[in-house]
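Let's learn to read a structure together, one feature at a time.

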Amino acid sequence: MVEPRDGRAIVLRHFKPRPVSRKVGVLISSLLDRILTDESWKPVTRYSVDVRDGHVAEYMDRQVHVATEHCGHIDPVDLDEYLANDGFMALEKCVKELNPQEVIDQIKRNGLRGRGGAGFPTHLKWSAVRSNTAEKKYIVCNGDEGDPGAFMDRMLMESYPYRILEGMAIAAHTVGADEGFLYIRAEYPLAVRRISEAIDKCRQRGLLGNNIVGSGFSLNLSIVAGAGAFVCGEETALMASIEGRRGMPRLRPPYPAEQGLWDRPTVINNVETYTAVPWIIRNGAKKFAAIGTNSSKGTKVFALAGKIARGGLIEVPMGISMHQIVHDIGGGIAGGLALKAVQIGGPSGGCIPAELAHTPVDYETLTSLGAMMGSGGMVALDESDCMVDIARYFLQFTQNQSCGKCTFCRIGTRRMLDILERLCEGHGKSADLDELEQLARMVKKTSLCGLGKTAPNPVLSTLKYFRNEYEAHIQGRCPAAKCKALITYSVTDDCIGCTLCAQSCPAEAIQFRPYETQEIDAEKCIRCGTCKSVCPSDAIKVQ
Amino acid sequence: MPKLTIDNRQVEVQTGVTILDAAEKLGIEIPTMCFLRGHKPSTSCMICVVRVEGIDSLVPACGTIAQEGMRIETNTEEIRQARITALELLLSDHVGDCMGPCQVACPAHMNISLMIRQIAAGKLRAAIETVKKDIALPAVLGRICPAPCENACRRRQHDKAVSICLLKRYAADVDLMSQQPFMSHTHPNIGKHVAIVGAGPAGLAAAYYLRRQGFGCTIYDEHDEPGGMLRYAVPEQKLPRDVLDKEIATIAALGVEFKLGQRVGTAVSMEKLCRDFDAVFVAVRQLKDGDAESLGLGAKSDCIETDTATYQTSVKGVFAGGDAVRRRRLTVRAVADGKEAAVSITQYLSGEQVTGPQKPFNSRMGKLKEGEMEIFLSGASDSIRIEPDGLDGGFSNEQAKREAQRCLHCDCRKPTSCKLRRYTQQYHAKAGKYKAERRTFVQNISHPNVIYEPGKCINCGLCVEIAGEAKEKIGLTFIGRGFEVRVEVPFDHSLAEGLARIAEECVAACPTGALAFAGDSEV
């Protein structure tokens, strides 16, 4: 490692002064430097990162980098750099030392579960495809990260493309697949470019293509770009899309491991799942299993977002608590309000209320609380977030993304959304809550695919933990003061008559009255919140 | 050969068959709408869901392969509730009328739209058959009925209602004047007899329908001639007596015995009727003081107390209808009573549970939205309502045909084969359970023989699949996402191009009235 103090010696090594006068001059100059400057009397004190950049340390210290190994130190598309940092060593080990069953045992011992959201044991998928006697098999990487605001897989594809390819190659060799696809959503053009570049470089170097590193094993990978459909993240819809058909899921069983792409046995795993594979093989034994909880081994990449002070991507060991993530790593809630809930799993997930913040992040624990690990999206919500509005927002998304095939998802989620919209507009009726809940449970248990089965989750979990907010909406109130139809803006006595609000109101709802308490015309007010943000004396009340 | 249990019954099946197949082997019926033998299961309507022990969600029987050891329930409360919800969700997004508003408004629910189409096609024998299925005295009613059907006629919102009453009168008059007026088929005599008290419209209608079922009918009336109020209250110039006589004769011709000039309650006792006959239908005119007691029946404010659905009185085997059970109402209501009471009496005499006639489910489109009337008008004549100048105030042949072409064909073209209608009725699903704004009515007539109404489509995908299997060049496909997904011909081609060869099969496969033939509808 090069340190700043080494700089001088290095420069002098390369730039030796030639003439004698010069040499003398440099000698005198350096002597004076040593006497006169602070550096020799008071050397620079080097403080550790956690003292000088506390927030960086807080953010980084609890993270464990498995999928994001060498985070910050490695050039995404530099193959030599990847190779120099144990790159493709795991693949070599699998091809030269271990047999496929041993590889699967390694994966099984380390408890790797699918990171796309369902948490299905990876070794079972690989085993099923491996034991299938069919000649042609496929390998697929699901890079159609569709959750709004989630960007874990994007980061992995953009920053660690070789790791993904290595993981896929290991899987392909283990199960006997010789052809594969990376389904990457077109909204990630950089990811497409980097993976494409990585595939090309691997091919040139003999790490992909025919007869990889002279082993007789062949694997040809290509990219298929998605076209803007969240439902194509569902594995059967994804495969339909690769085959050139409309992305509509089909009934499972049969599972892709039995009948996948073009009815052939197919391994289909999430990006993050593949990135964990090389680490597991290289570190062997049960190193991965040593991290995490009993049922959920290893690490998970999360995307922290919402009202959090320090948002971004983090990779943490399973079993860490929500509290630690939000407060220690994320720095707590920005803006001074209290944490209300954390929404995990995006539109398929549920919320964990602040009272349950000490919940360890683990597949089964989250499911038992009515939430879902999902692909890793974590949105921190504070008191100014309306839980009914949040449920409505997510349901609006899933309803819009439904493929439209099955009755319960296509029409059921629409009717649920009708009720939520009515609630947010103040037209809710007392019978609405029961109807919403019944419909939600029915849609959950009768939909054909994961989209319909999980779309009711945000509704059910907010009903479970925040039913009082729903009831308030029926009475015409929004406790979080968010739903426009249910709130009024008014001026308090703190008003100093500066008329800034009247000047900035886009709806001309405030009459210009200098030195007097201003008044907001409720009919004209569009609840944009501009007056509140410009008021210097915090005299605007929203209720 | 997997062995599995369905509804606690064991069955062994071939490997690879579905739960639906296995259930069929046991004779257990599971409802399906989007499934058609010979084609890949769509698994879209989800009405065939069943509970398999050990699986969290409900699974569609049509697509789930039967496995060894499966334990399946097909008819628990949970399953029934799921089926009902599927139906109610589909109904909340269904645009169309099963029966035209005219048929709904008619107390006898006569299939008016069908009759009108048959008159337009010149099929007058078929028309009178259609009429007499529900109305026993059409020539009479064609002269005195205030026509609530015309009040409900959708055409009224554009110009004037279709002249339904006169069209029915025309069909009836043509029949009465023909060489051989239509004689309904009657079942062979079963050996049971019904006494009918009152030869008015209710009693005459009851006799007509009971005779068709093969029951012996004897009508008692205190007057010397049959007809009741029709003869003794309605003026002659409104209802010529020869028309009345001819129409009564068509009923008598089925083999009805008349005992005129005998008042039940004085000349003949109710006890005697109850002894000598297997059932009694009381259809005397509106009650006067003492009538109820003389008949041995309970009454409340001049109306005999009856069950509204079955017309049963408090006395076993005695039914009542017409003005005797409700204050003076429309004659057509009395005629309908006679028809409906005949259903109850038939059930009673056949030893079945008496529930009265089954009300068929009816989907209603309601008020038309802007632009929708034009769609209905595009298939009808634009003539204004024709005033009659035929024989004594009725339509001439040519007028009847022209007036009949003004009908907008509001009724669905597949009212009897529609599976959505059938299962809604069977499971008692409610159309208004999930209230929502109705989609706009759309009709695709870009095919010479087929009409496609996407508002009735349940997105089953059968037509898409069939067109695909037949390798149609254009075919059909799903377009859009979420709630807005519709089946359409891709790239704005016409339906004729989309279903160049395979239209007939698609129409036959369509489980609702979405895809139907433009020509003659089902009866």
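Q: Which residue forms a salt bridge with Lys445(A)?

A: Good place to start! Keep in mind that this is a predicted model. The partner is Glu78(B), and the closest N and O atoms of the pair are 2.9 Å apart. The count between chain A and chain B is one salt bridge.

Q: How do I read the size of the interface between the chains?

A: Interface size is often expressed as the accessible area lost when the parts come together. Here, chain A and chain B bury about 2,600 Å² between them, with 60% of it on carbon and sulfur atoms. On the chain A side, Arg410(A), Arg415(A) and Lys445(A) lose the most area to chain B, together 23% of what that side buries.

Q: How many residues does each chain bring to the contact?

A: Chain A brings 29 residues and chain B brings 33 residues.

Q: And how do I describe two helices that pack together?

A: You give the angle between their axes and the distance between the axes. Take H5(B), residues 124–134, and H8(B), residues 164–177: their axes come within 9 Å and cross at roughly 110 degrees. An angle of 65 to 115 degrees counts as roughly perpendicular, so H5(B) and H8(B) are roughly perpendicular to each other. The crossing is left-handed.

Q: Which residues make that contact?

A: H5(B) supplies Leu124(B), Arg125(B), Ala127(B), Ile128(B) and Val131(B), while residues from H8(B) include Tyr170(B), Ala171(B) and Val174(B). The residues of this contact divide into eight nonpolar, no polar and three charged.

Conventions
Residues are numbered from 1 along each chain as its sequence is written. Chains are lettered from A and ligands numbered from 1 in the order in which they are written. This is a predicted model: local features need pLDDT of at least 70, side-chain atom pairs count only at pLDDT 80 or more; totals for chains, interfaces and linings use all residues. Side-chain values use heavy atoms; hydrogens and water are left out. Axes are lines fitted to C-alpha atoms, for helices over the stretch in contact, and angles run from 0 to 180 degrees between N-to-C directions. Helices (H or I, at least four residues) and strands (E, at least two) are DSSP runs, numbered from the N terminus. Angles under 35 degrees count as roughly parallel, over 145 as roughly antiparallel, 65 to 115 as roughly perpendicular and the rest as oblique. A crossing is left-handed if the near helix is turned anticlockwise from the far one by less than a right angle, and right-handed if clockwise. Contact means heavy atoms within 4.5 Å. Ala, Val, Leu, Ile, Met, Phe, Trp, Tyr, Cys and Pro count as nonpolar, Asp, Glu, Lys and Arg as charged, and the others, Gly among them, as polar. Buried area is the accessible area (1.4 Å probe) that two parts lose on being put together, summed over both. A salt bridge is a side-chain nitrogen of Lys or Arg within 4 Å of a carboxyl oxygen of Asp or Glu.
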